[in-house]
Amino acid sequence: MDINYVIGKFLLVTILFAISLVIAMYSTYAERKVAAFLQDRLGPDRAGPFGILQPLADGVKMFMKEEIVPTNASKWLFMIGPGLAMLCACIGTAVIPWGQDLTINGKAFPLQVTDINVGVLYIFGVVSLGVYGVMIGGWASNNKYSLLSAIRAASQNISYEVAMGLSIIALLVMTNTLSLKEIVAQQHGWHWNVLYQPLGFIIFMVCSFAETNRAPFDLPECETELIGGYHTEYSSMKLGFYLFAEYINMFVSSAVMATLYFGGYNYPGMDWVATLVSPNTAALLGTLVLFLKIFAFIFFFMWVRWTIPRFRYDQLMNLGWKTLIPLAIANIVITGIVIAVVNKF
Amino acid sequence: MESLSNKKKVLEQKPLNFAERMYLPAIVKGLGTTMSHFFKKSSTIRYPEQVREFSINWRGMHSLKRDEEGKERCTACGLCALSCPAEAITMIAAERKPEEKDLYREEKYAAVYEINMLRCIFCGLCEEACPKEAIYLDGPIVPSDYLRKDFIYGKDKLVEAPLEVK
């Protein structure tokens, strides 16, 4: 293993970490702005020009707040909860291919931290671990509301993971691989998976809304019933971590959706750019395109949040178990039949 | 019972049909509605920089008026203080000296005139009670401050600026 490899990977990890934190930071600002525009308001505009320093001000506020640990809370778990939520949110970016290989001094440098051959499963594992942060936090708070919210989060995530997993199976039947790099490479140019798997994509998207605890599935933090949900007892930067983790999760699931269904870094005319200008330019342009797709998804997350009211708990369970899972199974069967027929003839 | 107003609506609770159970058509419609608001002009007024136009009967901060020759109209009769339901107005009367003839219109004037802006409810009764047309609530919004004592406005803040000398 040569030193350049290690330095390259280290740089990539650092940059990715920084990017996800910055995007999460500015998602809070974007959320408030989008909410404001959708409600005919202006949103934060006092801190800096157009309020772009608002996230910094919020961050400083979070750090300066008094930190309160409830007397009867389980101290260690209370501290581990937000950390775990943050950790699980951050490590998801490792397997996503952020662009085509760059060629530097004749050496290929992949814009992906690691191309493990079970990338899809890794993402699933990390996402399902994320719920432990919520559960541990809710349990350790020693508060009934937090506990109820933690239970809700757990049952919601488990229910929607089933449908999510089933919706992805149809995709895997099509692509024949679990490696995200290969899945993206197969969608070269215009052959995005969403064109072949529209139903699978809708199911996957609804499930990722539920997995990230975003509206309309934000039952774990529903103010009207549960005060603040699992983070009722949290204050200062621990609360900040939970809120931050939600936005990083949103970023990661947007990236996963863009990668799996919307062609990742692929864009029409990429070969043309590669031959006409240079392969490196085409690759960097691809990364830019990927980020544009991610931002579009993040905007969609926000747009939906300020449109649809929250589901009731029984509606949530009905939608998950009685609608999404049968649809996902039907999708697998149809995909299987079509592929069998296409291969036969 | 017969409905007299004809406003009664009987709502039928039908089970949802397939499209409604899918939620998606309704969600798409809702997304369209919110997106149409995204491009609308916001109705926010950036307050300290922009001020909303006040209505003609707006009652704001008080001002003590002067007459055409620039003399203070107030004669310290105390009717405003009496009429004030919030007990916000106090004053100390004094007799005008001959050399102050250009400053005050009547022989008696208010040496001290104080309105506690935290007590004032801006009802406008002082304005109505004044026989000399000396007090009007025609000012702007009373600004905020940090200390209670700073909300007791004296003559320095209340009396109109003197007339410009021609």
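# Cavities and aromatic contacts

The largest cavity has a volume of about 360 Å³. This is a predicted model. Searching the whole structure gives three cavities of 30 Å³ or more. The search also finds 26 aromatic pairs over all chains.

**Largest cavity**

- The lining of the largest cavity comprises 26 residues.
- Val127(A), Gly130(A), Glu211(A), Thr212(A) and Asn249(A) lie nearest the cavity centre.
- Five elements of chain A each give two or more residues to this lining: helix H3 (75-91), helix H4 (119-140), helix H5 (144-175), helix H8 (198-211) and helix H10 (236-261).
- By class, the lining holds 16 nonpolar, seven polar and three charged residues.

**Aromatic pairs**

- Phe209(A) and Phe300(A) form an edge-to-face pair, because their planes stand at 80°, with ring centres 6.2 Å apart.
- This pair links distant parts of the chain: Phe209(A) sits in helix H8 and Phe300(A) in helix H12 (residues 279-305) of chain A, 91 residues apart.
- Phe209(A) has 4% relative accessibility, so Phe209(A) counts as buried.
- Phe217(A) and Phe311(A) are stacked, because their planes are at 20°, with centres 5.2 Å apart.
- Phe217(A) lies in the loop between H8 and helix H9 (223-226) of chain A, and Phe311(A) in the loop between H12 and helix H13 (313-344) of chain A, 94 residues apart.
- Both Phe217(A) and Phe311(A) are buried.

**Cluster and charge over a ring**

- One aromatic cluster is formed by Phe37(A), Phe209(A), Phe299(A), Phe300(A), Phe301(A), Trp303(A), Phe38(B) and Phe39(B).
- In chain B, Lys157(B) lies over the face of Tyr153(B), 4.3 Å from the ring centre.

Definitions and conventions: Residues numbered from 1 in each chain as written. Chains lettered and ligands numbered in written order. Predicted model: local features only at pLDDT ≥ 70, side-chain atom pairs only at ≥ 80, totals over all residues. Heavy atoms only, no water. 1 Å grid on protein atoms, 1.4 Å probe; cavity = no way out; pocket = protein on both sides within 12 Å on 5 of 7 lines; lining within 4 Å. Points joined across faces, edges and corners; volume = space filled by probe spheres on them. Helix = DSSP H or I, 4+ residues; strand = E, 2+ residues; numbered from the N terminus. Nonpolar A, V, L, I, M, F, W, Y, C, P; charged D, E, K, R; others polar. Phe/Tyr/Trp six-rings, centres within 6.5 Å; stacked < 30°, edge-to-face > 60°. Buried < 20%, exposed > 50% of the residue type's maximum accessible area, 1.4 Å probe, protein only. Lys NZ or Arg CZ within 6 Å of the ring centre and 35° of its normal.
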